[in-house]
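Me: I'd like to learn how to read helix packing. Can you take me through it slowly?

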Amino acid sequence: MNLSQLVILPLFAAVLILICRNANQVKRVALAAAVGQLILTICLLFAYCNERHAGNTDQMLFQYNTMWFAPLNIHYHVGVDGISVAMILLTASVVLAGILISWKIEKLSKEFFFLLMLLSSGAYGFFISLDLFAMFFFLEIAVIPKYLLIGIWGSGKKEYSATKLALMLMGGSALVFVGLLGVYFYNGTPTFDLLELSKTHIPVGVQSFFFPFLFLGFGIFGALFPFHTWVPDGHSSAPTAASMFLAGISMKLGGYGCLRVATYLMPEGAHEYQGIIILLASIAILYGSFATMMQTDLKYINAYSSVSHCGFVLLGIGMLTQTAIIGAVMQMVSHGLMTALFFAAIGMLYERTHTRAVEQMGGILKLTPFIGTVFFIAGLCSLGLPGFSGFAAEMTVFMGSWQNADMWYRLATIAACASIVVTAVYILRALGKVMMGPIQDELHIGITDAGWNEKLAAVLLIAGIVIIGVAPLFLQHLLTPGVEAIMQNVMRSGI
Amino acid sequence: MDLSLLLAMKFELMITLIIFILLFMKIDGRANNQTVIRISYLLLFLNLGFGFAGNVSGEIFNGMFRSTPLLAFQKNILNLATLIIALSSYEWLRNHKHLPEFFILLLSSLLGMFFMMSSGNLLMFYLGLELSTIPLAALCNFDLHKKISSEAAMKMILSSAFSSAILLFGISLIYGATGSFDFKVITSVLTGTTLQKLAFILIFSGFAFKLSVVPFHLWTADVYEGSPIAVTAFLSVVSKASMSFIFITVLYTTFISMATTWYYVLATTAVITMIVGNLFALRQTNLKRFLAFSSIAQVGYLLIGISGASQIGIASVVYFILIYVFSNLAAFGVISVISSLTGKETISDYKGLYASNPALALIMALSLFSLAGIPPTAGFFGKLFLLTAGASILNWPLIIIASLNLIVSLYYYLNIVRAMFIDETDEPMVKLNFSTNEAVAFFMCVAGVLSIGFLKGVFEFIFGLSSVL
């Protein structure tokens, strides 16, 4: 299977969108591209499973490697393992749902879908890259589309949020690039190739200098405390589809980078900074959940809870046990789907009630049963109800974290577990206030329930959540070989 | 001397020929502006085309004048930049009273740069430098009725004279220390004594003036703001490019025995230049001033690449300048069109530009992204390769500071993007029509910005050329 298709298809669609004549054509092209992309990724999943069943034990499958800039030994090298396949599936689902949700967008629809396509192309490219330079290229490609999506179509203090997001992410990229150069020059022959680098032993002194750059840089993308501040502002100012993309995929680029690049290439560095990572992740988890309790705007509620949930990803990575890392990747997928669903539901509601303030709403479930149900499912998944993906993922993270026998790390695990109670408080309170009770605003009585596009988007995401929740083993099996390869490097360094 | 070696001077002879043709047209006086402009464009196109074929390498006049494949390529870049500048200033030139003189002066300056780049001798270098500077001062004043233009020209000529004096002092010290003007002889004699270091610092200051390296940058913003946009573009792209090309040659060959000395000088000035350029760019409201400071910051990055002192360093500098030509000239092209049609030059005038002139806004945005180093534009590769070349010394504080500067520069480039795409305005610009000439220039720039990073042969080709300076 040719992986580059994943990058080229959205780019091709983006060019097509540019030459479309009217908004209808634009929407159709975007939808067709997103559906095609989802089909392609499902094919990829099957092809991947087939190869594995056939006994192919290569670390990365479907590799393609060609020289890009020979003098600097920069390649365009792509390939996937289970982790990337899972992230690619997540991306395809969220993008399709995002396009369906934005179906009724009127302002500059051509530009809107063009930017969405560009964004998704960057995400696919990031997940399939095995050359760090190419990976960095795809990481940075997404900064400007995000800025414009928030700035042009956003709401509230959009210019502030858009600038903040762009600058913080650029800061993350700058740190990442310094880290990459460190890796590049301290290898015998300078190379950016991930697989080659993973085999060489980077000197410990180099690791302890450059690991923070890579981890912090990617961590900014993944809402690492105290660099999470772009998340609440960015997410709440963005238009619905962009919020879904930001929380569902963009933040995962950070987690994926922390795991695949920082931890994989510099295991000794990861050990050295383990305590700090776990401390920061625990703070993010607790601080995020307590901060959510204070919010009255639905989007801020979900944004702060994203900070808390993404803390689990970094916690799992920081624990450096196989189960915890599998849990972290599962949490990435689960949170991506769940938060996209939540933002979609908030978007649907906002479009109808023109408010996101919790106290101005009530009894919505009676008026729009479908949207209400979606809300409930997203909320319950967020607080970790068994049967949904959130439970499976968080449970795995906790189990894996407990395997790390250090007392302080176990304390951190306990603290992280305790945050679930807080999550329950804010989720149930918000759900109860918005969905149940008397209708707050007379004007809300006339609102309509979800349209076909919104239903389709919600069903798609819910399907993902439920499948992972009911049959988590499948996802775990998919992830295990990839995580094992990373663990090999971690064990090499000796715990 | 073999006459065929005169072919080594092909670029210079071509330019001289064009200057004479235009001069005769001026003296003849029958051709109107339209004809002159057409013929000039045609000649510049031919000039660019001929530059690609039949290049001869070698040395003539006892090593006074050198020609290498790399030099030929660099001259091609400058020819291309001159052509783009000429095309995109069509609207401003169309009704100018002294049209032929504009081209004559522009090309004289270019001729001086070519001689300077090809020089193998300090005297030849100085001659080329002066030939390139004096016509430029005249060009700065080309909007004859504008006071601010005269002021710019005055500042330009005074600061140039000052920097030339410093440079000459350095050259005389070198002559005193080594007894020769010839680059090769100097290389073999230099050892790095205090006197030679002093001479190097003086010569470096001369270069720093032209490249507007901080703290020698103070003339830049005023001259850029006062000059006509075409001249500003020429100053900020062609003049800087030629200076950095010869700068590399001088550093890498003549002063190679003092490599540690100039590394620290370069690294320090690079850091100061980036920071000062970026901080001042943040506060600008006039677009020409803004681009002046942003180009100062870009020079900071250029110095980092040069400090890499390797074949990669040369290649990344030439590659960066090739990209810089496209991205910066696209920005100047847009400013030129808007300024000559409406007279508007401040950032707040650009509010809502995307709604009224989508094409111009998109071109501007692309060029700004390229300047900021955002993929998929070519600027991303250019900037990162400079940093990679600089990082090969493993001086990490320098690379960290440079990377963090990328954030600041993104902020001010985004300010303009925000004005064009996000801000709304009460007095939107009218729909502007620009001619085919400008469209051709824009097309070249946009194609360059979008494609260079993906044509993987380009960097390899430049790298191959860089083996011989």
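This is a predicted model: local features need pLDDT of at least 70, side-chain atom pairs count only at pLDDT 80 or more; totals for chains, interfaces and linings use all residues.

Me: Which handedness does the crossing of α4(A) and α5(A) have?

Reply: Left-handed. By the way, helices (H or I, at least four residues) and strands (E, at least two) are DSSP runs, numbered from the N terminus. Chain A has 21 helices and two strands.

Me: At what angle do α4(A) and α5(A) pack?

Reply: Axes are lines fitted to C-alpha atoms, for helices over the stretch in contact, and angles run from 0 to 180 degrees between N-to-C directions. Here the angle is about 155°, and the axes are 8 Å apart. Angles under 35 degrees count as roughly parallel, over 145 as roughly antiparallel, 65 to 115 as roughly perpendicular and the rest as oblique. So α4(A) and α5(A) are roughly antiparallel.

Me: Which residues make the contact between α4(A) and α5(A)?

Reply: Two residues are in contact if their C-beta atoms, placed from the backbone, lie within 7 Å. A:Gly122, A:Gly125 and A:Phe126 of α4(A) meet A:Met135, A:Phe138, A:Leu139 and A:Ile141 of α5(A). For classes, Ala, Val, Leu, Ile, Met, Phe, Trp, Tyr, Cys and Pro count as nonpolar, Asp, Glu, Lys and Arg as charged, and the others, Gly among them, as polar. That contact has five nonpolar, two polar and no charged residues.

Me: How do α4(A) and α6(A) cross?

Reply: Helix α4 covers residues 109–128 of chain A, and its axis comes within 9 Å of that of α6(A), crossing at roughly 150°. They are therefore roughly antiparallel, and the crossing is left-handed. On α4(A), A:Phe112, A:Leu115, A:Leu118 and A:Leu119 take part, facing α6(A) residues that include A:Pro145 and A:Trp153. By class, this contact has eight nonpolar, no polar and one charged residues.

Me: How many residues does each chain give to the contact of chain A with chain B?

Reply: Chain A gives 26 residues and chain B gives 29 residues. On the chain A side, α7(A) supplies the largest share, 11 residues. That side has 21 nonpolar, three polar and two charged residues.

Definitions and conventions
Residues are numbered from 1 along each chain as its sequence is written. Chains are lettered from A and ligands numbered from 1 in the order in which they are written. A crossing is left-handed if the near helix is turned anticlockwise from the far one by less than a right angle, and right-handed if clockwise.
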